[in-house]
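Student: I am new to this structure and would like to understand the terms used to describe it. May we look at it together?

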Amino acid sequence: MFSVRLFYFLFAVSLYNLWVLANVLLSGGTIPKKPPVSMRIFRTFVLSTDYG
């Protein structure tokens, strides 16, 4: 069970880092105080993407 929990943790960290990267790229390379892409919009985009 440890490997499943580790996978979920690493997957969550990867998604968070992808969200931060998207916000940095959209703000012109600086770390914004208020993110241009909210987590709700990012989650909707990730869940609506067809991977098949």
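Tutor: Let us begin with a definition: contact means heavy atoms within 4.5 Å. This is a predicted model, in which local features need pLDDT of at least 70 and side-chain atom pairs count only at pLDDT 80 or more, while totals for chains, interfaces and linings use all residues. Residues are numbered from 1 along each chain as its sequence is written, and side-chain values use heavy atoms, with hydrogens and water left out.

Student: What covers the buried residues of α1?

Tutor: The cover includes α2 (39–48). The protein chain has 2 helices and 0 strands; helices (H or I, at least four residues) and strands (E, at least two) are DSSP runs, numbered from the N terminus.

Student: Why is Asn 23 called buried?

Tutor: Buried means under 20% relative accessible area, exposed over 50%, and partly exposed in between (1.4 Å probe, protein chains only). Asn 23 has 4% relative accessibility, and therefore counts as buried. Asn 23 lies in helix α1 (residues 2–26), where Trp 19 and Val 24 are buried too. Beyond its neighbours within four places in sequence, Asn 23 is in contact with Pro 32, Pro 35, Pro 36 and Val 37.
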